[in-house]
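Open the model in your viewer and keep the selection tool at hand. Each stop below says what to select and what is there.

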Amino acid sequence: ECHATVTELDATPLRSYELPLPDRQVSTFIDVLSQIADRVRADFPQPLVGIGVGIPGVYDHQQQLVILAERLGWADLDLVSLIRERIGLDVYIVNRANAAALGERWYGAGRGCNDLCYLQIGSGIKAGLIVDGELYWGGNGSAGEIGHLTLVPDGPVCVCGRRGCLEALASMQAILDRLKVLAKAGRAETLVARLDHPIEALTRMDVLLAAHAGDPVVLEVLCEAASYIGIAVAHLVNLFTPERIILGGLVNQTPAVFLDTIRASAARHAFEIPWRATEIVAAELG
(Lines give C-alpha, C1' and ligand atoms only; values in the text may rest on other atoms or scores of the structure.)
Protein backbone atom coordinates (compact mmCIF):
# COMPACT_ATOMS: atom_id res chain seq x y z
CA GLU A 1 0.00 0.00 0.00
CA CYS A 2 0.93 3.65 -0.44
CA HIS A 3 0.25 5.65 2.72
CA ALA A 4 -0.07 9.44 2.48
CA THR A 5 -0.91 12.15 5.00
CA VAL A 6 -1.90 15.73 4.27
CA THR A 7 -0.46 18.18 6.78
CA GLU A 8 -0.26 21.86 7.54
CA LEU A 9 3.16 23.43 6.97
CA ASP A 10 4.01 22.75 10.65
CA ALA A 11 3.30 19.02 10.01
CA THR A 12 -0.05 19.02 11.84
CA PRO A 13 -1.88 16.07 10.20
CA LEU A 14 -5.21 16.79 8.53
CA ARG A 15 -6.20 13.60 6.70
CA SER A 16 -4.60 10.29 5.73
CA TYR A 17 -5.05 8.21 2.60
CA GLU A 18 -4.19 4.61 1.75
CA LEU A 19 -4.20 3.30 -1.80
CA PRO A 20 -3.18 -0.17 -2.95
CA LEU A 21 0.17 -0.50 -4.68
CA PRO A 22 -0.29 -3.49 -7.04
CA ASP A 23 3.41 -3.83 -7.84
CA ARG A 24 6.78 -2.18 -7.25
CA GLN A 25 7.20 -0.57 -10.65
CA VAL A 26 8.14 3.12 -10.55
CA SER A 27 5.36 3.95 -13.01
CA THR A 28 2.80 2.27 -10.74
CA PHE A 29 4.00 4.25 -7.72
CA ILE A 30 3.77 7.54 -9.63
CA ASP A 31 0.28 6.63 -10.88
CA VAL A 32 -0.85 6.02 -7.29
CA LEU A 33 0.85 9.20 -6.03
CA SER A 34 -0.91 11.17 -8.76
CA GLN A 35 -4.27 9.70 -7.70
CA ILE A 36 -3.60 10.77 -4.11
CA ALA A 37 -2.63 14.29 -5.20
CA ASP A 38 -5.88 14.55 -7.21
CA ARG A 39 -7.91 13.45 -4.17
CA VAL A 40 -6.16 15.94 -1.91
CA ARG A 41 -6.82 18.77 -4.36
CA ALA A 42 -10.49 17.78 -4.48
CA ASP A 43 -10.79 17.46 -0.69
CA PHE A 44 -9.03 20.70 0.35
CA PRO A 45 -9.49 24.28 -0.84
CA GLN A 46 -5.93 25.23 0.14
CA PRO A 47 -3.21 24.70 -2.47
CA LEU A 48 -1.01 21.61 -2.23
CA VAL A 49 2.50 23.07 -2.14
CA GLY A 50 4.78 20.06 -2.09
CA ILE A 51 5.28 16.34 -1.62
CA GLY A 52 7.66 14.57 0.74
CA VAL A 53 8.45 10.95 -0.04
CA GLY A 54 10.02 8.50 2.41
CA ILE A 55 11.64 5.56 0.63
CA PRO A 56 13.20 2.28 1.85
CA GLY A 57 16.53 2.98 0.20
CA VAL A 58 19.51 5.30 -0.29
CA TYR A 59 18.85 8.76 -1.68
CA ASP A 60 21.77 10.99 -2.73
CA HIS A 61 20.74 14.64 -2.28
CA GLN A 62 23.71 15.97 -4.23
CA GLN A 63 22.95 13.93 -7.34
CA GLN A 64 19.18 13.92 -6.62
CA LEU A 65 19.04 10.19 -7.33
CA VAL A 66 17.60 7.15 -5.63
CA ILE A 67 20.90 5.27 -5.60
CA LEU A 68 19.40 1.96 -4.49
CA ALA A 69 16.12 0.73 -3.03
CA GLU A 70 16.82 -3.00 -2.91
CA ARG A 71 13.37 -4.18 -1.87
CA LEU A 72 11.70 -2.11 -4.58
CA GLY A 73 14.19 -2.97 -7.32
CA TRP A 74 14.97 0.73 -7.94
CA ALA A 75 18.49 1.95 -8.79
CA ASP A 76 19.99 5.21 -10.12
CA LEU A 77 16.51 6.68 -10.41
CA ASP A 78 15.70 10.38 -10.84
CA LEU A 79 12.42 10.07 -8.94
CA VAL A 80 12.13 13.81 -8.24
CA SER A 81 11.97 14.69 -11.95
CA LEU A 82 9.46 11.93 -12.68
CA ILE A 83 7.12 13.13 -9.92
CA ARG A 84 7.50 16.81 -10.86
CA GLU A 85 6.71 16.08 -14.50
CA ARG A 86 3.59 14.11 -13.57
CA ILE A 87 2.19 16.11 -10.64
CA GLY A 88 3.80 19.54 -11.05
CA LEU A 89 4.93 20.07 -7.45
CA ASP A 90 8.19 20.42 -5.57
CA VAL A 91 9.37 17.09 -4.19
CA TYR A 92 11.64 16.22 -1.26
CA ILE A 93 12.88 12.65 -0.85
CA VAL A 94 14.53 11.01 2.16
CA ASN A 95 15.04 7.51 3.44
CA ARG A 96 12.08 6.68 5.64
CA ALA A 97 14.31 6.21 8.72
CA ASN A 98 15.59 9.77 8.21
CA ALA A 99 12.02 11.01 7.91
CA ALA A 100 11.10 9.20 11.12
CA ALA A 101 14.15 10.63 12.89
CA LEU A 102 13.00 14.14 12.02
CA GLY A 103 9.45 13.37 13.14
CA GLU A 104 10.62 12.05 16.50
CA ARG A 105 12.96 15.04 16.90
CA TRP A 106 10.16 17.54 16.29
CA TYR A 107 7.12 15.85 17.84
CA GLY A 108 8.05 12.52 19.43
CA ALA A 109 10.56 10.80 21.69
CA GLY A 110 13.42 13.01 20.47
CA ARG A 111 12.02 16.37 21.53
CA GLY A 112 14.75 18.50 23.07
CA CYS A 113 17.60 16.30 21.73
CA ASN A 114 20.20 17.74 19.36
CA ASP A 115 21.98 14.39 18.92
CA LEU A 116 19.88 11.31 18.43
CA CYS A 117 19.55 8.14 16.44
CA TYR A 118 16.29 6.62 15.23
CA LEU A 119 16.47 2.90 14.45
CA GLN A 120 13.78 1.53 12.14
CA ILE A 121 13.26 -2.21 12.67
CA GLY A 122 11.02 -3.88 10.13
CA SER A 123 11.44 -5.48 6.71
CA GLY A 124 14.86 -3.80 6.79
CA ILE A 125 16.90 -2.17 9.56
CA LYS A 126 18.10 1.40 9.06
CA ALA A 127 19.28 4.23 11.28
CA GLY A 128 18.45 7.90 10.90
CA LEU A 129 21.10 10.10 12.50
CA ILE A 130 20.64 13.66 13.76
CA VAL A 131 23.79 15.54 14.74
CA ASP A 132 23.65 19.08 16.17
CA GLY A 133 19.96 19.20 15.28
CA GLU A 134 20.45 18.34 11.59
CA LEU A 135 20.14 15.12 9.63
CA TYR A 136 23.52 13.54 8.94
CA TRP A 137 23.57 12.21 5.37
CA GLY A 138 27.12 10.95 4.90
CA GLY A 139 29.09 11.35 1.69
CA ASN A 140 26.41 10.08 -0.69
CA GLY A 141 23.31 9.96 1.50
CA SER A 142 23.92 6.42 2.73
CA ALA A 143 24.79 7.13 6.38
CA GLY A 144 22.95 4.93 8.85
CA GLU A 145 23.01 1.62 6.94
CA ILE A 146 23.44 -0.28 10.18
CA GLY A 147 21.33 -3.13 8.80
CA HIS A 148 24.42 -4.14 6.83
CA LEU A 149 26.71 -4.29 9.85
CA THR A 150 28.27 -7.78 9.79
CA LEU A 151 27.58 -9.60 13.05
CA VAL A 152 28.09 -13.24 12.01
CA PRO A 153 30.70 -13.51 9.22
CA ASP A 154 29.43 -16.92 8.04
CA GLY A 155 25.79 -16.19 8.82
CA PRO A 156 22.73 -16.23 6.56
CA VAL A 157 22.79 -14.44 3.20
CA CYS A 158 21.47 -10.87 3.29
CA VAL A 159 19.46 -9.12 0.59
CA CYS A 160 22.68 -7.18 -0.18
CA GLY A 161 24.42 -10.44 -1.11
CA ARG A 162 26.76 -10.56 1.87
CA ARG A 163 26.55 -12.89 4.84
CA GLY A 164 25.68 -12.30 8.47
CA CYS A 165 24.33 -8.74 8.22
CA LEU A 166 22.08 -7.48 11.00
CA GLU A 167 19.15 -7.47 8.54
CA ALA A 168 19.74 -11.14 7.73
CA LEU A 169 19.60 -11.95 11.45
CA ALA A 170 17.01 -9.61 12.96
CA SER A 171 14.70 -8.06 10.34
CA MET A 172 11.07 -9.14 10.10
CA GLN A 173 11.95 -11.29 7.10
CA ALA A 174 14.75 -12.96 9.08
CA ILE A 175 12.31 -13.69 11.92
CA LEU A 176 9.80 -15.21 9.48
CA ASP A 177 12.51 -17.32 7.85
CA ARG A 178 13.78 -18.59 11.21
CA LEU A 179 10.30 -19.58 12.36
CA LYS A 180 9.67 -21.48 9.11
CA VAL A 181 12.90 -23.42 9.61
CA LEU A 182 11.96 -24.29 13.19
CA ALA A 183 8.46 -25.32 12.13
CA LYS A 184 9.81 -27.66 9.46
CA ALA A 185 12.12 -29.17 12.09
CA GLY A 186 9.10 -29.86 14.32
CA ARG A 187 10.05 -27.24 16.90
CA ALA A 188 7.14 -24.79 16.49
CA GLU A 189 4.06 -26.94 17.10
CA THR A 190 2.19 -24.24 19.01
CA LEU A 191 2.69 -21.70 16.23
CA VAL A 192 1.67 -24.14 13.49
CA ALA A 193 -1.45 -25.09 15.46
CA ARG A 194 -2.52 -21.42 15.55
CA LEU A 195 -2.40 -20.96 11.79
CA ASP A 196 -5.23 -21.51 9.32
CA HIS A 197 -2.75 -21.61 6.43
CA PRO A 198 0.54 -23.40 5.69
CA ILE A 199 3.67 -22.30 7.55
CA GLU A 200 5.17 -21.29 4.18
CA ALA A 201 2.59 -18.48 4.09
CA LEU A 202 3.52 -17.18 7.56
CA THR A 203 2.97 -13.41 7.84
CA ARG A 204 4.10 -10.55 10.03
CA MET A 205 0.63 -10.39 11.59
CA ASP A 206 0.75 -14.12 12.42
CA VAL A 207 3.99 -13.54 14.31
CA LEU A 208 2.73 -10.49 16.20
CA LEU A 209 -0.52 -12.18 17.25
CA ALA A 210 1.37 -15.27 18.41
CA ALA A 211 3.87 -13.13 20.32
CA HIS A 212 1.13 -11.30 22.22
CA ALA A 213 -0.50 -14.65 22.95
CA GLY A 214 2.77 -15.75 24.57
CA ASP A 215 3.82 -18.37 22.03
CA PRO A 216 7.18 -19.60 23.43
CA VAL A 217 8.89 -20.31 20.09
CA VAL A 218 7.89 -16.95 18.62
CA LEU A 219 9.10 -15.13 21.73
CA GLU A 220 12.36 -17.09 21.62
CA VAL A 221 13.00 -16.07 18.00
CA LEU A 222 12.03 -12.45 18.69
CA CYS A 223 14.46 -12.35 21.61
CA GLU A 224 17.23 -13.83 19.44
CA ALA A 225 16.65 -11.01 16.96
CA ALA A 226 16.51 -8.45 19.79
CA SER A 227 19.87 -9.65 21.09
CA TYR A 228 21.48 -8.97 17.71
CA ILE A 229 19.79 -5.56 17.53
CA GLY A 230 21.18 -4.82 20.99
CA ILE A 231 24.71 -5.45 19.71
CA ALA A 232 24.12 -2.96 16.90
CA VAL A 233 22.71 -0.44 19.40
CA ALA A 234 25.89 -0.89 21.46
CA HIS A 235 27.94 -0.02 18.36
CA LEU A 236 25.87 3.14 17.92
CA VAL A 237 26.46 4.04 21.56
CA ASN A 238 30.21 3.46 21.33
CA LEU A 239 30.71 5.31 18.03
CA PHE A 240 28.14 8.08 18.22
CA THR A 241 27.04 8.40 21.89
CA PRO A 242 23.75 10.15 21.08
CA GLU A 243 21.65 11.59 23.85
CA ARG A 244 18.90 9.20 22.86
CA ILE A 245 18.46 6.13 20.67
CA ILE A 246 14.84 5.80 19.56
CA LEU A 247 13.64 2.37 18.47
CA GLY A 248 10.70 2.14 16.07
CA GLY A 249 8.89 -0.44 13.98
CA LEU A 250 8.74 -3.84 15.68
CA VAL A 251 9.49 -2.31 19.07
CA ASN A 252 6.08 -0.63 19.06
CA GLN A 253 4.27 -3.79 17.90
CA THR A 254 5.77 -6.56 20.03
CA PRO A 255 5.52 -7.47 23.74
CA ALA A 256 7.74 -5.50 26.12
CA VAL A 257 10.27 -8.34 26.28
CA PHE A 258 11.51 -7.37 22.81
CA LEU A 259 12.59 -3.87 23.92
CA ASP A 260 13.82 -5.22 27.26
CA THR A 261 16.06 -7.73 25.48
CA ILE A 262 17.48 -5.05 23.18
CA ARG A 263 18.35 -2.89 26.19
CA ALA A 264 19.92 -5.80 28.09
CA SER A 265 21.98 -6.88 25.08
CA ALA A 266 23.13 -3.30 24.42
CA ALA A 267 24.15 -2.93 28.07
CA ARG A 268 26.27 -6.10 27.84
CA HIS A 269 28.11 -4.98 24.70
CA ALA A 270 28.47 -1.20 25.07
CA PHE A 271 31.50 0.48 26.62
CA GLU A 272 30.45 1.71 30.05
CA ILE A 273 31.37 5.40 29.72
CA PRO A 274 29.34 6.22 26.57
CA TRP A 275 26.60 3.89 27.78
CA ARG A 276 25.98 6.21 30.74
CA ALA A 277 25.25 9.12 28.39
CA THR A 278 22.68 7.45 26.13
CA GLU A 279 19.01 6.74 26.81
CA ILE A 280 17.24 3.98 24.83
CA VAL A 281 13.50 4.54 24.33
CA ALA A 282 10.64 3.40 22.12
CA ALA A 283 9.39 5.67 19.36
CA GLU A 284 6.31 7.74 20.18
CA LEU A 285 5.02 8.31 16.65
CA GLY A 286 3.38 5.75 14.39
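The tour goes from a core to helix pairs, then to single residues. Bear in mind that this is a predicted model.

**Stop 1: the cores**

Select Leu119, Ile175, Leu179, Ile229, Val233, Leu247 and Ile262. These have the most contacts inside the largest nonpolar core, which has 48 residues. Now colour by element. Strands S8 (116–121), S9 (125–131) and S11 (244–249) each supply at least two residues of this core, and so do helices H4 (166–170), H5 (172–184), H7, H8 and H9 (256–269). Which helix gives the most to this core? H8 does, with 12 residues.

What does leucine 247 touch, beyond residues up to four places away in sequence? Its partners are Leu119, Val233, Asn252, Leu259, Ile262, Ile280, Val281, Ala282 and Ala283.

**Stop 2: H7 against H8**

Select residues 204–212 for H7 and 216–240 for H8. Their axes come within 8 Å and cross at roughly 105°. An angle of 65 to 115 degrees counts as roughly perpendicular, so that is how H7 and H8 lie to each other. Show side chains at the contact. H7 brings Val207, Ala210 and Ala211, while H8 brings Val218, Leu219 and Leu222. Sorted by class, this contact has six nonpolar residues, no polar and no charged ones.

Stay on H7 and show its buried residues: Asp206, Val207, Leu208, Ala210 and Ala211. What do the buried residues of H7 pack against? They pack against H5, helix H6 (189–194) and H8. Step just past the end of H7 to glycine 214, where phi is positive, about 85°.

**Stop 3: H8 against H9**

The crossing is right-handed.

Next, select the contact from each side:

- From H8: Leu219, Leu222, Cys223, Ala226, Ser227, Ile229, Gly230, Ile231, Val233, Ala234 and Asn238.
- From H9: Val257, Phe258, Thr261, Ile262, Ser265, Ala266, Arg268 and His269.

By class, 12 of the residues in the contact of H8 with H9 are nonpolar, six are polar and one is charged.

**Stop 4: isoleucine 30**

Go to isoleucine 30, in helix H1 (residues 26–43). Is isoleucine 30 buried or exposed? The cut-off for buried is under 20% relative accessible area. Isoleucine 30 has 7% relative accessibility, so it counts as buried. Now draw a distance from its C-alpha to that of leucine 208. The separation is 32 Å, for residues 178 apart along the chain.

**Stop 5: two positive phi angles**

Select aspartate 132, in the loop between S9 and strand S10 (134–135). Its phi is positive, about 50°, although aspartate 132 is not a glycine. Aspartate 132 counts as exposed because its relative accessibility is 63%.

Finish at threonine 241, in the loop between H8 and S11. Threonine 241 is not a glycine either, yet its phi is positive, about 45°. With a relative accessible area of 32%, threonine 241 is partly exposed.

Technical notes: Residues numbered from 1 in each chain as written. Predicted model: local features only at pLDDT ≥ 70, side-chain atom pairs only at ≥ 80, totals over all residues. Heavy atoms only, no water. Axes fitted to C-alpha atoms, helices over the stretch in contact; angles between N-to-C directions. Helix = DSSP H or I, 4+ residues; strand = E, 2+ residues; numbered from the N terminus. Parallel < 35°, antiparallel > 145°, perpendicular 65-115°, else oblique. Contact = heavy atoms within 4.5 Å. Nonpolar A, V, L, I, M, F, W, Y, C, P; charged D, E, K, R; others polar. Core = buried A, V, L, I, M, F, W, Y, C linked by side-chain atoms within 4.5 Å. Buried < 20%, exposed > 50% of the residue type's maximum accessible area, 1.4 Å probe, protein only. Left-handed = near helix turned anticlockwise from the far one by under 90°.
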